[in-house]
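Take a walk through this protein, one piece at a time. Keep the structure in view as you read.

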Amino acid sequence: MTLVAITVMPKADVLDPQGQTVASALSQLGFAGIGAVRVGKRIELDIAGDAPEAEAEKMCDALLANALIEDYRVEVIG
């Protein structure tokens with residue numbers, strides 16, 4: 001088994017209302033110097049086989065990421 005981490009983020013040109021809410025809340029809590037905030041998700045999977053990265057990419061294309069509004073990055077951890 002190989003541990004794979006997938007990071008899914010909104011595309012740069014897609015509105016991120018959750019990120020805007022977090023940025024606003026941080027500002028209201030007194031945190032200064034916060035620019036744009038993007039909120040995404042991280043998925044960790046144990047994948048068997050010889051090509052865990054390719055398998056994870058197939059999973060992203062099929063289910064884990066919405067190609068219209070999200071980008072993803074696959075990282076083999078170990």
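Strand β1 is mostly covered: of its nine residues, seven are buried. Keep in mind that this is a predicted model. Thr 7 sits in β1, which spans residues 2-10. Is Thr 7 buried or exposed? Its relative accessible area is 17%. The cut-off for buried is under 20%, so Thr 7 counts as buried. Which residues does Thr 7 touch, leaving aside those up to four places away in sequence? They are Lys 41, Asp 71, Tyr 72 and Arg 73.

Three strands build it, in the order β2-β1-β3. The sheet is open, and its pairing is antiparallel. At the edges lie β2 and β3, the latter covering residues 70-76, and each of them pairs on one side only. On average, neighbouring strands are turned by 20° against each other, with direction ignored. What holds strands of a sheet together? They pair through backbone hydrogen bonds, and the pairing can be parallel or antiparallel.

Look at each pairing in turn. How many bridges join β1 to β2? There are seven, and the two strands run antiparallel. Ala 5 is an example: its bridge partner in β2 is Glu 44. Helix α2 touches β1, β2 and β3. The direction of α2 makes about 155° with that of β3. On the other pairing, β1 and β3 are also antiparallel, and seven bridges join them.

Next come the charged side chains. How many salt bridges does a search of the whole structure find? It finds two. In one of them, the side chains of Arg 42 and Glu 44 meet, with 2.8 Å from N to O. Arg 42 has a relative accessibility of 48%, and Glu 44 has 46%.

Another salt bridge links Lys 58 and Glu 55, at 4.0 Å from N to O. Both residues are in helix α2, which covers residues 52-64. Why are Lys 58 and Glu 55 separated by about one helical turn? Because they are three residues apart in the helix. Lys 58 is exposed, at 55% relative accessibility. Glu 55 is partly exposed, with a relative accessible area of 34%.

Asp 61 has a relative accessible area of 56% and is exposed. Where does Asp 61 stand relative to Ala 48? The two are 13 residues apart along the chain, and 18 Å separates their C-alpha atoms.

Which residues make the nonpolar patch of about 330 Å²? They are Leu 29, Phe 31 and Ile 34. Of these, Phe 31 lies in a loop. That loop runs between α1, residues 17-28, and β2, residues 41-47.

Terms used. Residues are numbered from 1 along each chain as its sequence is written. This is a predicted model: local features need pLDDT of at least 70, side-chain atom pairs count only at pLDDT 80 or more; totals for chains, interfaces and linings use all residues. Side-chain values use heavy atoms; hydrogens and water are left out. Buried means under 20% relative accessible area, exposed over 50%, partly exposed in between (1.4 Å probe, protein chains only). Helices (H or I, at least four residues) and strands (E, at least two) are DSSP runs, numbered from the N terminus. Patches are made of residues with over 30% relative accessible area and no salt bridge: like charges are joined within 9 Å, nonpolar side chains (Val, Leu, Ile, Met, Phe, Trp, Tyr) within 5 Å. Accessible areas come from the Shrake-Rupley method with a 1.4 Å probe; for residues, only the protein chains shown count as cover. Contact means heavy atoms within 4.5 Å. Two strands pair if DSSP finds at least two bridges between them. Axes are lines fitted to C-alpha atoms, for helices over the stretch in contact, and angles run from 0 to 180 degrees between N-to-C directions.
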